[in-house]
Amino acid sequence: MALLRSGLQRVANIFGGTQGGILSRFVTSLVPSENKSVAETSKEVIATCNKLIEQNASRNFAIVHILGKQWRVTDGDLLVVEGYWPPNIGDQITLDKVLVAATKDFSLIGRPLVQPGLVTVTATIISKGLSHTRTHFKKKRRKQFMRINFQRAQQTILRINSVEIGNKINEGRNDV
Amino acid sequence: MVFLSVINWARCRGPDEFWRKRRVFRLAAHYIGRRRNCYSIAVRNVHRALVYATKARKLKKEDMKSLWDVRITAACEQHNITLFSLREGLDRANIMLDRKSLSDLASWEPKTFEALAAVAKYKLETDRFIDGQDKCHPTGINLNLKDVMLEAWLNEKKK
């Protein structure tokens with residue numbers, strides 16, 4: 001019963017906050033030592049998460065928002081972003097709009113964004129170019145109507161260098 | 001009145017016949033039978049194919065949308081929540097994930113999706129939002145997601 005209540009508390013904490021709050025959730029625990037520290041309060045959950053981050057136990061992934069699309073990215077991913085985008089080849093950029101960041105053991109869910117500074121997703125622009133030619137062909141039967149146009153969209157290829165979660169969940173929690 | 005240009009444009013049939021036809025034949029190169037070798041048949045099929053290709057770019061987006069919806073629905077059924085209430089709950093909780101990333105989470109990150117489902121459900125309950133869809137689904141009425149979720153957590157902790 002206590003566990004049930006703690007679970008409720010945990011969820012309840014989520015909704016108390018303002019924009020940019022985070023939700024940390026202890027999803028699974030595979031290391032036996034952590035099994036003992038069963039998360040009874042949200043503080044303990046955060047402590048465990050922070051410990052996990054310090055240990056760097058597993059690879060992180062994040063959902064980032066780029067040019068109107070959401071991408072699930074992890075270390076070493078290659079993204080093709082279509083449309084006009086200012087960064088140039090070789091630029092190192094950080095993708096700030098992180099909606100969700102998670103590891104094997106817990107997930108941070110942003111409302112709508114995870115608070116800035118907590119998760120850093122760095123990427124490098126590899127190449128910029130044009131897509132293949134798309135043929136836009138219209139024809140109306142028996143009406144002598146035919147139009148043909150060709151279009152190419154700008155494409156930017158990105159390499160995700162790292163998805164890192166800063167060891168600061170507790171700090172973030174204070175303002176929630 | 002002497003028309004100098006317009007009439008002549010109408011008479012001028014563009015490039016040489018050979019090259020005009022060759023453009024079509026190149027697009028028909030991978031067809032089979034007379035569709036590939038006879039111009040009058042090839043040109044019909046090439047035009048049709050180009051129209052399909054143009055229309056399909058839009059259809060592809062719609063198809064992907066419905067595919068994502070199917071995937072999210074399947075994952076939602078696992079957690080006794082409908083697609084509608086999941087999205088409603090997430091919207092109310094200010095979690096702005098789109099179909100693409102939700103289906104991605106549903107298929108590859110089930111634990112994160114589970115958490116999202118619980119959040120949506122809890123948010124709807126705190127808002128006293130009555131979901132008309134749930135009544136249509138007998139599996140979704142009586143099962144309380146919170147308890148299901150917590151039991152799942154309890155089991156995990158016992159491991």
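In the predicted model, Lys140(A) is positioned over the face of Phe145(A), at 4.9 Å from the ring centre. A second contact of this kind involves both chains: the charged end of Lys100(B) sits over the ring of Trp71(A), 4.0 Å from the centre of that ring.

Chain A, which contributes both of these rings, comprises four helices and eleven strands. Of its 176 residues, 45% count as buried. Among the contacts in chain A with a separation of 6 or more, 70% are accounted for by residues 24 or more positions apart.

Aromatic pairing was examined next. A search of the whole structure finds two aromatic pairs over all chains. One of them is formed by Phe18(B) and Trp19(B), in an edge-to-face arrangement with 5.0 Å from centre to centre and 80° between the planes. The other joins Phe25(B) to Tyr39(B), again edge-to-face, with a centre-to-centre distance of 5.9 Å and 75° between the planes. This pair links distant parts of the chain, since Phe25(B) belongs to helix 2 (residues 17-27) of chain B and Tyr39(B) to helix 4 (residues 39-78) of chain B, the two being 14 residues apart. Phe25(B) is classed as partly exposed because its relative accessibility is 25%, which lies between the limits of 20% for buried and 50% for exposed residues. Tyr39(B), at 25% relative accessibility, likewise counts as partly exposed.

With regard to cysteines, the structure holds zero disulfides over all chains. A disulfide is a covalent bond between the sulfur atoms of two cysteines. Cys76(B), by contrast, counts as buried, with a relative accessibility of 0%.

A further position in chain B is Ala115(B), located in helix 7 (residues 110-126) of that chain. Its relative accessible area is 2%, so Ala115(B) is buried, the limit for this class being under 20%. Ala115(B) and His79(B) are separated by 36 residues in sequence, and their C-alpha atoms are 9.9 Å apart in space.

Methods. Residues numbered from 1 in each chain as written. Chains lettered and ligands numbered in written order. Predicted model: local features only at pLDDT ≥ 70, side-chain atom pairs only at ≥ 80, totals over all residues. Heavy atoms only, no water. Phe/Tyr/Trp six-rings, centres within 6.5 Å; stacked < 30°, edge-to-face > 60°. Buried < 20%, exposed > 50% of the residue type's maximum accessible area, 1.4 Å probe, protein only. Lys NZ or Arg CZ within 6 Å of the ring centre and 35° of its normal. Disulfide = S-S within 2.5 Å. Contact = heavy atoms within 4.5 Å.
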